[in-house]
Structure formats: structure tokens, C-alpha cells
Amino acid sequence: MNSPAVSVEDVTVRYGDVLALEGVSLTVPPGRICGLLGTNGSGKSTLFKTVVGTITPERGRVRLHGSTPAQARRRGLIGYVPQSEQVDWAFPVRVVDVVMMGRYGHMGITRRPRRADREAVAEALERTHLTELAHRQIGALSGGQRKRAFVARGIAQGASVFLLDEPFAGVDKRSEATIADVLRSMRDEGHALLVSTHDLASVPGLCDEAVLLQRRVVANGAPDEVLTPERLFEAFGIDIRPAGEAA
Ligand SMILES: Nc1ncnc2c1ncn2[C@@H]1O[C@H](COP(=O)(O)OP(=O)(O)OP(=O)(O)O)[C@@H](O)[C@H]1O
């Protein structure tokens, strides 16, 4: 079997007295989409930050294609699509500028784009269906278009691991379908994708694997094995068990 694109081994993270992640392990092989599911505060964003390397775990380790997060960032391996609230949408940049940021690691210190950079950006815009919006301000896009702009940045960068924090939040059904198509085509090219979502309905059609997180990993496996009524009740407190089976 291929070595994992993402490997999280026994990771524990604490913010002062708050234990945010406890002994979390998971792997994402190349060419797979892994859905990360959990309630508010279950540790999803903390896990992303640990994989990206902005948080150092108290215990355990993270590897991306065998590299530490810092090495993987320097090599441009990680494409990160943050939660919308983490981005200043008033910042006056156009879509094409956001996508070109993915090429900075390929440019010299002058950051002057060459033909190969412009071609990579044009291709990434095409693949995410944003070509016609390339010169629009990023703040003047819909929620789904903004998410796609960040995916395009990762594609232009040549990332092989994509971390998407709530890519379907605040996105209408049509945009959700477009994003899901883009993610599937990247999976089919051999990229590894870790996708956090509250949207349980989107998981079986999109994800090859699912992880239920509640500070610890509650379940990890094929979506139909993970999304059982008992496990959803444990992780989300949603009781969809037939009457009479509830505890
Ligand atoms: N900077 C911080 N300082 C202290 N506690 C924090 C900090 N960031 C997160 N936490 C706490 O750590 C736990 C996990 O938070 P995290 O943001 O990772 O959850 P999440 O699953 O991403 O939630 P959401 O779905 O609401 O984004 C929560 O109890 C949260 O309150």
C-alpha cells in the first residue's frame, strides 16, 4: 500500500485547561477523500491547525508524505481552504490574485509571475469554473465561489494534500454540487483530501472514509459503517434510532 498522504499519530492538544484533542490517530491515503465530522467544539479546526503545523501537539506526531508539517508547507504540499470567518473578505484582491498566491513558492523573491505561473493559474481557474470571475474582487463572490477560489489557489500551488474546513457551510445546493465535483476530480488524480463538515447528508456521496470526532476518534471507516444511528447519537446527540431502541 502507498504510504499515507496524511498521518496523524496519537495526537493530544491542550489549550491551557481545555483538552481539545486526546490521542487522535487517523490516516488519509493518496486518492481518497476523508470526511471529518463532529459537533461545534469537537476539535475539527484544532486538528486542521495541527496538520498544517500552526499548533504543535503536546503529544503525538503528524506527517504529510513523510514530512513534518513545516517541511510540507515549505514544499508547497498543503492546500488549505479555511473557514470563511477566518478570512478578511474586505481585503482588496481579485480572484486571480488569490490564485496567483499559490505560485509564490515557485517564483523568485521578485514575485514576478512567469508564463508557467500564469498558465498554472489559468488552468486552476478553469478547473474550478472561475475563469469568468477571475477579475472580480474576492469579497464580491458568493460563499461557494470563494471556497472554490481557495481550492484553485491550492491547485495552482501544486498541492497534493487538501484540507478543507467546512467547504459547504453557507453554500447553496448548486454550488455545493460544483464544489463536490471539483473535489472528486482532484481525488481521482491522486490528491488526498480531508474535509470537515456538519453536513452529514453530503458524506456518503462524497467521502471514501469518515471520521467521527468528539475530542477523541469515536469511529473511523467506510461512511456507511461510521454513520450508524448509535454512533451519530454518541457524537452528535442526534437520536435517529427507531423508537424503543433509544437508551
Ligand atoms: N485558542 C483557544 N483557546 C482556548 N480554547 C480553545 C481555543 N481554540 C479552541 N478552543 C477550545 O478547544 C475545543 C475545540 O475547538 P475547535 O475550534 O477545534 O472545535 P471545532 O470542532 O472546530 O468547532 P466548530 O465546529 O465550532 O468550528 C473547544 O472546546 C474550544 O472551545
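Q: OK, so which residue is the bridge partner of Gly 79 in E6?
A: That's Phe 162. E5 (residues 78–81) and E6 (residues 161–165) pair in the parallel sense, over four bridges.

Q: Is this an experimental or a predicted model?
A: This is a predicted model, where local features need pLDDT of at least 70, side-chain atom pairs count only at pLDDT 80 or more, and totals for chains, interfaces and linings use all residues. Residues are numbered from 1 along each chain as its sequence is written.

Q: What's the mean pLDDT of the chain?
A: The mean is 89, and 95% of the residues reach 70 or more; pLDDT is the predictor's confidence in each residue, from 0 to 100. The model's ipTM is 0.96 and its pTM 0.89.

Q: Back to E5. Are its faces covered or open?
A: Both are covered: Ile 78 and Tyr 80 are buried on one side, Gly 79 and Val 81 on the other. Buried means that 20 or more other C-beta atoms, placed from the backbone, lie within 10 Å of the residue's own; 12 or fewer is exposed, and in between is partly exposed.

Q: And how many residues of helix H1 are buried?
A: Seven of the nine in H1 (residues 44–52), so the helix is largely enclosed by the rest of the structure. Among the buried ones are Lys 44, Thr 46 and Phe 48.

Q: Switching topic: which residues surround the ligand?
A: They include Tyr 15, Val 18, Asn 40, Lys 44, Ser 45 and Thr 46. To count as near, a residue's C-beta atom, placed from the backbone, has to lie within 6 Å of the molecule.

Q: Which element gives the largest share of that shell?
A: H1, with three residues. Strand E2 (18–28) also supplies at least two.

Q: How does the shell split by class?
A: Three nonpolar, seven polar and one charged. Here Ala, Val, Leu, Ile, Met, Phe, Trp, Tyr, Cys and Pro count as nonpolar, Asp, Glu, Lys and Arg as charged, and the others, Gly among them, as polar.

Technical notes: Two strands pair if DSSP finds at least two bridges between them.
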